[in-house]
Amino acid sequence: MAIEDLFDHKCDIYHMVGESKDLGYGIDETKFGYPDTPDIEDLECHFNVSPDGTLTQTESANEYIHVGKLQLPAGTDVRVNDKIVDKENGLIYTAQVPKNIRDHHMTVTIHRKGTVKGAL
């Protein structure tokens, strides 16, 4: 069985970019965001995301965090804080430190964070 047989999902990867703006008086402001179009589109991958997550009650809303792992082909240009979109369901994750596994494949811990207002 080849590693390619494991890749049963598709994802888009957006690299974070920064834009600096001179506010005057020697002060620069840098805003970070993602481009409108993905840097890598329809990449074959495998999401291994647990249905379990952490839900924390806060004063204004409930915050949830889901953590999982993403398997990618070797050599994939994935970076810390990249936005990764699961093409099957549209869920958006943020990449943590990618790891090259013996030039066989890449693995990245991913997380998804959000709020649920009025729950619980």
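**View 1. Tyr25 is found in the loop between strand S2 (17–24) and strand S3 (27–33).** Strands are DSSP runs of E of at least two residues, and helices are runs of H or I of at least four residues, both numbered from the N terminus. The model is predicted, with local features needing pLDDT of at least 70 and side-chain atom pairs counting only at pLDDT 80 or more, while totals for chains, interfaces and linings use all residues. Residues are numbered from 1 along each chain as its sequence is written, and side-chain values use heavy atoms, with hydrogens and water left out. Tyr25 is exposed, at a relative accessible area of 85%; buried means under 20%, exposed over 50%, and partly exposed in between (1.4 Å probe, protein chains only). Together with Leu23 and Ile27, Tyr25 forms a nonpolar surface patch of about 410 Å² accessible area. Accessible areas come from the Shrake-Rupley method with a 1.4 Å probe, and for residues only the protein chains shown count as cover. Patches are made of residues with over 30% relative accessible area and no salt bridge, with nonpolar side chains (Val, Leu, Ile, Met, Phe, Trp, Tyr) joined within 5 Å and like charges within 9 Å.

**View 2. Met16 lies in the loop between strand S1 (9–14) and S2.** Met16 is partly exposed, at 32% relative accessibility. The C-alpha atoms of Met16 and Gly33 are 5.6 Å apart, although the two residues are separated by 17 residues along the chain. Neighbours within four places in sequence left aside, Met16 is in contact with Phe32, Gly33, Tyr34, Asn81 and Asp82, where contact means heavy atoms within 4.5 Å.

**View 3. Phe47 and Tyr93 form a tilted aromatic pair.** The structure holds 1 aromatic pair. Its rings are 5.6 Å apart centre to centre, with 35° between the planes. Rings of Phe, Tyr and Trp (its six-membered ring) pair if their centres lie within 6.5 Å; planes under 30 degrees apart count as stacked, over 60 as edge-to-face, and the rest as tilted. Phe47 lies in strand S4 (residues 40–49) and Tyr93 in strand S8 (residues 92–101), so the pair ties together parts that are 46 residues apart in sequence. Phe47 is buried, at 8% relative accessible area, and Tyr93 is buried at 5%.

**View 4. The charged end of Lys83 sits over the ring of Tyr14.** The distance to the ring centre is 4.4 Å. A charge sits over a ring if NZ of Lys or CZ of Arg is within 6 Å of the ring centre and within 35 degrees of the ring normal.

**View 5. Salt bridges that share partners join Asp12, Asp42 and Lys87 into one network.** A salt bridge is a side-chain nitrogen of Lys or Arg within 4 Å of a carboxyl oxygen of Asp or Glu; the count is 3. In the Asp12 and Lys87 bridge, the closest N and O atoms are 3.1 Å apart. This pair links distant parts of the chain, with Asp12 in strand S1 and Lys87 in the loop between strand S7 (83–86) and S8, 75 residues apart. Lys87 also forms a salt bridge with Asp42, the closest N and O atoms being 3.1 Å apart. Here Asp42 is in strand S4, 45 residues from Lys87. Asp12 is buried at 5% relative accessibility, whereas Lys87 is partly exposed at 36% and Asp42 partly exposed at 37%.
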